[in-house]
Amino acid sequence: MLPELDPLLHSELRLKIISILMGVASADFTHIMETSGATRGNVSVQLKKLEDAGYISIKKSFGKSYPVTTCKITDVGRSAFETYVESISKYLNPDK
Amino acid sequence: METSLDERKSLELIRNMITNGKRNFKEGSIFYLIWGWAVLLAGLSQYVLINVVEYENHWATWPVIMTIAGIASAVIGMRKGRSQKFVTFTDTAMKYLWGGFVIYLFTILFISPQIGWGPSYILIVGMYGFGTFVSGGILQFKPLIAGGVASMVLAVLAIFLPIITESFSNVLLLLCISIVISYLIPGYMLRAKTNNDAA
């Protein structure tokens, strides 16, 4: 039987965000917005959902004259991402 | 708005997003050049003050040049940090590596009155050779690896060569040679490669 996909990650923007954060130690809001190609509001909402699930941590600080939001994937998020990748691999190669 | 995915699209999306986190790691050449020139100038000036001017406080140029280099590095580092939209694992590894080096450096400077300036400088040469070697491995840049190995070998050889250990001036020359090999030459090669990659 094929595994159930994590509904939190099986959504385009949230998967983009988690994938971006998997490849770096941390990333700021602007980078996530520019790389994902999504709007500020949409990114904001999805970040909140991922944070509430414990998949990412968000730190707010002040840059030169503007607030900076820095996001980092947590161990829970990393493990969920790995499980998700494993699951979709099974969907693509069900015989393995 | 949430868009659902099929499995193939998910994999493609993951691949595309992770690739975006790659950076041209060779942008850090400026720090090798700043510290390379600072150590070379300080070492040579101390050599001249000992052997030509015969000035008693021949070490005096070190705190001045190191402070200027430290301020320059801090300013450039902060500017880069501000414009950086993400931090890679390489950035983090380099931060801890060179942070550890600075702690070690101050420890050596602290105990140098007990062990002597000559042995202290030799230990520092070996340690920045080690730092350059690891940096080269992280950045996958062979001239840095080679420069690091050369400095570590020079430091070990220096311990067994009386011509070096018996003369502080010769230790200074060793320090200058090793900084050219492990910082300046690889630093300029790194910068040339960065410029070529950008062109």
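Strand β1 (residues 26-28) of chain A and β1(B) run antiparallel and are joined by two bridges. Strands here are DSSP E runs of at least two residues, and helices are H or I runs of at least four, numbered from the N terminus; two strands pair if DSSP finds at least two bridges between them. Within this pairing, B:Val87 of β1(B) is the bridge partner of A:Ser26. The model is predicted: local features need pLDDT of at least 70, side-chain atom pairs count only at pLDDT 80 or more, and totals for chains, interfaces and linings use all residues. Residues are numbered from 1 along each chain as its sequence is written, while chains are lettered from A and ligands numbered from 1 in the order in which they are written.

The pairing belongs to an open, antiparallel sheet of four strands, ordered β2(A)-β3(A)-β1(A)-β1(B). Its edges are β2 (56-62) of chain A and β1 (86-87) of chain B, each of which pairs on one side only. Helix α3 (residues 40-52) of chain A packs on this sheet and touches β2 and β3 (67-73) of chain A. Contact means C-beta atoms, placed from the backbone, within 7 Å. The direction of α3 makes about 125 degrees with that of β2(A); axes are lines fitted to C-alpha atoms, for helices over the stretch in contact, and angles run from 0 to 180 degrees between N-to-C directions.

Chain A contains four helices and three strands, in the sequence pattern α-β-α-α-β-β-α. Further values for this chain are tabulated below.

| Property of chain A | Value |
|---|---|
| C-alpha box along the principal axes | roughly 55 × 25 × 20 Å |
| Share of the 96 residues that count as buried | 30% |
| Share of contacts with a separation of 6 or more that join residues 24 or more positions apart | 53% |

A residue is buried if 20 or more other C-beta atoms lie within 10 Å of its own, exposed if 12 or fewer, and partly exposed in between, with C-beta atoms placed from the backbone. A:Leu5, in the segment before α1 (12-22) of chain A, is partly exposed because 18 other C-beta atoms lie within 10 Å. Apart from neighbours within four places in sequence, A:Leu5 is in contact with A:His10, A:Tyr84, A:Ser87 and A:Ile88.

The contact between the chains takes 25 residues from chain A and 23 residues from chain B. On the chain A side, α1, β1, α2 (29-36) and α4 (75-92) each supply at least two residues, and α1(A) provides the largest share, seven residues. This side divides into 11 nonpolar, 10 polar and four charged residues. Ala, Val, Leu, Ile, Met, Phe, Trp, Tyr, Cys and Pro count as nonpolar, Asp, Glu, Lys and Arg as charged, and the others, Gly among them, as polar.

The largest nonpolar core has 29 residues, and B:Ile122, B:Val125, B:Ala158, B:Val171, B:Leu174 and B:Leu175 touch the most other members. Such a core is a set of buried Ala, Val, Leu, Ile, Met, Phe, Trp, Tyr and Cys residues joined through C-beta atoms within 7 Å. Helices α2 (29-53), α5 (117-139), α6 (142-160) and α8 (168-198) of chain B each supply at least two of its residues, and α8(B) gives the most, with eight. A second, separate core of 25 residues includes A:Leu50, A:Tyr55, A:Ile88 and B:Val87.

How values were computed:
Two residues are in contact if their C-beta atoms, placed from the backbone, lie within 7 Å.
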